[in-house]
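Take one interface at a time.

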Number of protein chains: 2
Amino acid sequence: MPEISSDLLARLADLLGPQGFTTDPADIEPWLTDWRGRYRGSSPALLSPASVDQVAAIVKQAAEARVPLVPQGGNTGTVAGATPPADGSALLVSLRRMNRIRAISADDNAVIAEAGVILSNLHDAATAIGRRFPLSLAAKGSATIGGLVSTNAGGTQVLRFGTMRNLLLGIEAVLPDGSIFHGLETLRKDNRGYDLRQLLAGAEGTLGIVTAASLRLVPRPAARAVGWVGLPDPQAALSLLRRLEEVTSEAVESFELVPARALDLVLANIPGTRAPLQGRHAWNALIEVTGAEGGADPAALLETALGAAIDHGLVEDATIAASEAQAEALWALRESISEAERIDGASAKHDIAVPVTAMPAFLIEEERAVEAAFPGCRIIAFGHLGDGNIHFNILPPTGADRSAWMTEKGPDVSAFVHDRVAARGGSLSAEHGIGQAKLAEFVRLADPVRLATMTAIKQAIDPLGLMNPGKLLPLASRAPTP
Amino acid sequence: MPEISSDLLARLADLLGPQGFTTDPADIEPWLTDWRGRYRGSSPALLSPASVDQVAAIVKQAAEARVPLVPQGGNTGTVAGATPPADGSALLVSLRRMNRIRAISADDNAVIAEAGVILSNLHDAATAIGRRFPLSLAAKGSATIGGLVSTNAGGTQVLRFGTMRNLLLGIEAVLPDGSIFHGLETLRKDNRGYDLRQLLAGAEGTLGIVTAASLRLVPRPAARAVGWVGLPDPQAALSLLRRLEEVTSEAVESFELVPARALDLVLANIPGTRAPLQGRHAWNALIEVTGAEGGADPAALLETALGAAIDHGLVEDATIAASEAQAEALWALRESISEAERIDGASAKHDIAVPVTAMPAFLIEEERAVEAAFPGCRIIAFGHLGDGNIHFNILPPTGADRSAWMTEKGPDVSAFVHDRVAARGGSLSAEHGIGQAKLAEFVRLADPVRLATMTAIKQAIDPLGLMNPGKLLPLASRAPTP
């Protein structure tokens, strides 16, 4: 890999101006470590373009000099997909200054947002015109649209509205040769060949830099009902979900599974939380149902459905929030699980998917299998049951030195879990992506045909291998010294 | 292009057996002409594999012999995407024998269907387990899943559920080198890199042959309400649609715009039809709203909403079907437009999309522009207003020899329409695809960056150019004589 020349840096400084270019280590430092703090990179400069033309100019200059680029948004990803290589061979490109909402329309149910728009700002902009953008996740205060598109982000509303991919109408991106792909049309239907938008979505910056996206908006619900139920097992949870979907015409927006052990951790580690139900239940679910202006009251619907479920033995106990404050308190229990785990100490985390109907058996059988293979370990498996996506986290045995255990046993535990997921036709990355953190496991378990096809596409679009090298695919940058 | 050797044909006959191989011109003849009868191809043999392994073997043999393949399903496409080249240089591969539903699950809300499954059979299979597959179109009695996926089909339920792309969970396909892409997992979330499913969907068979797909199912509605309204203009129609979506929480499944001239043609040319409203209205809309078991009655919702719309002057008159028979009669008016046009005579047809909010002005302004540029022409513009997708058809002047007019003026008229669509950021193919019929216009108006990227992908995945050559991209097969 060639050194990054002072000549190139000078040209980029000139192009971007003082607001858009820095080599000051203090400015760069906060962006060199991934969100989980497990990877650390290095870069001689941080580039912060303010327009798509500046991005295109950066990419052209870098391509000429054969210098790799690492695009970055809010840096909230969990697989180190936006962390530059440690050898300082790449330039870091922040999209955070490109934070304009270029257009928003209630009639069109669409918004065009630049890559650096923060998710919660997009939520606010939609609310201001009587619409909403139906994708949310814990990092919404810093995650950006470009990163959310590039990682095909999920979250807690996927059940009804799908992942970022499903909300994507168009994309503007700078391709590896510095050309601009203009694809921001807010068309609902467009059958002019290969869907390049969907190819760039979830590509983790390896095929180009997403600079803006047009996204679907949806009507705001007139009312919501939030409930918490205690359940005997995951199968009962899934049966309840399917019943609720029939009764509400799919207006179930969230159905989050929470095992007793996760709730225990939250109640123990997060101040101000309290148990939502009187008894302790092996499994719990947080449910949100919304209602339209002309439709039935979602709280009444939920109450009737849960009453029937209790009569049928599906549900052991249930409560429905009587106020927005109570609803928020129930949501806080779910959203505090990761923080409660962090306070508890290190664990081996997995973001897995299997077909929805296979998940209840997976949870029961694989918990047993892991406990048998790694005696003393405890499982905390929680999350998006209706999407077939569970965060399947494994805690070291009580009393173990957790850091040491993670170093010694973590990789074996993860390989064990991933093998079991693969055997059930599942995915070792449901929503977090591959990045650096899952690359080795992805390659180990990938279908060779899938991997070969992905590699052929990467090499066709980025023949020099300069776009976010070392992420998603096991390709080093192939750029010869110019 | 090399001759197709008798040696290759003998090996394929051996591989496929008498049920799967024919060179009898009488067997091949029905599949050599496109649905609209405008293109005619030729092929020395029709191959009808019964399994993905047979498809893989065909592709391998053809690749070795450098012989192009043209995959075909129900042959109901409108852009001649499944019609072989006229010089007989390619083999026709029918997927119609691969017609098994491999798995279907109400709990998973998913079905795995082979490429040759006919859409209406899929509808029936979903109904049998209390679910539905929410994509429908006029050709449902012969269109197949493989073709619907490969063309990213639309239809009359896109408003709520999206096109085929949005309903696609997984794909099995044979790639140009004969390898099998196994991607049928019915996962709701899977972030393992580039979305190859979405790349194969809508690729019109140019990147491989789709052999099976896993697809989303949704709950069946408990009730539906079908209405017909008379409207002063398209803007009133769009305002009404947005209001209905708010009131029903997006349970508006269809909103089809029908101008007076289209209704006139139907009433004149289709026996047994009668006007749904008393007066003649410049514009009409057919509306379908569904309701869930626990929700409000959709007919009552629709009645209230239409009453308010009449009070506000948005709607001139309205009727709501009081029975399934009346509902079917209203739908028959909409679904007979193409047939009524066919009886009326040749016209220049366009399948265009613009952003939804731009469509009302487009309809008014472009009708005027076309009539000014081509005096005496009449416009029939109908279809999926809520998707921003209208079938914008131009009839020759009254009394003109329509065939002669089409030959003389048709290309100019179409170029004129496509230019106007492009100027508004629209698409010249909203749902029909490119195939052969729109290839020249697509290339003329395509963004060069988009075209170059598509070409790079095509060449990376199909370096010999053997998959459905001459469709979608202006690439001849590049295969040298082996």
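A salt bridge here is a side-chain nitrogen of Lys or Arg within 4 Å of a carboxyl oxygen of Asp or Glu. By that rule, one salt bridge crosses the interface of domain 3 and domain 4 of chain A. A:Glu367 pairs with A:Arg261, with the closest N and O atoms 3.9 Å apart.

Some ground rules come next. This is a predicted model, where local features need pLDDT of at least 70 and side-chain atom pairs count only at pLDDT 80 or more, while totals for chains, interfaces and linings use all residues. Residues are numbered from 1 along each chain as its sequence is written, chains are lettered from A and ligands numbered from 1 in the order in which they are written, and side-chain values use heavy atoms, with hydrogens and water left out.

Now the layout of chain A. It is divided into domain 1 (6-96), domain 2 (101-219), domain 3 (223-338) and domain 4 (345-423). These bounds come from an automatic or database domain assignment. UniProt, in an unreviewed entry, lists residues 39-220 of chain A as "domain: FAD-binding PCMH-type". Such annotations may be inferred rather than shown by experiment. That span is 24% helix and 24% strand, and its end C-alpha atoms lie 40 Å apart. Helices (H or I, at least four residues) and strands (E, at least two) are DSSP runs, numbered from the N terminus.

Return to domains 3 and 4 of chain A. Their centres, taken over C-alpha atoms, are 24 Å apart. Contact, meaning heavy atoms within 4.5 Å, takes 18 residues from domain 3 and 17 residues from domain 4. The two domains bury about 1400 Å² between them, 70% of it on carbon and sulfur atoms. Buried area is the accessible area (1.4 Å probe) that two parts lose on being put together, summed over both. On the domain 3 side, A:Leu238, A:Leu257 and A:Arg261 lose the most area to domain 4, together 37% of what that side buries. Polar contacts number three residue pairs, both residues at pLDDT 80 or more. A polar contact is a pair of N or O atoms within 3.5 Å; within protein, one must be able to donate a hydrogen and the other to accept it, and residues adjacent in sequence count only if both atoms are side-chain atoms. H9(A) gives the largest share of the domain 3 side, six residues.

What does chain A share with chain B? Here 89 residues of chain A are in contact with 89 residues of chain B. The chains bury about 7000 Å² between them, 54% of it on carbon and sulfur atoms. In chain A, A:Lys189, A:Asn191 and A:Tyr194 lose the most area to chain B, together 15% of what that side buries. The rule finds twelve salt bridges across this interface. A:Asp387 and B:Lys189 meet in a salt bridge of 3.5 Å, N to O. There are also 32 residue pairs in polar contact. Elements of chain A that each supply at least two residues include helix H9 (234-248) and helix H17 (448-461). H17(A) gives the most, with nine residues.
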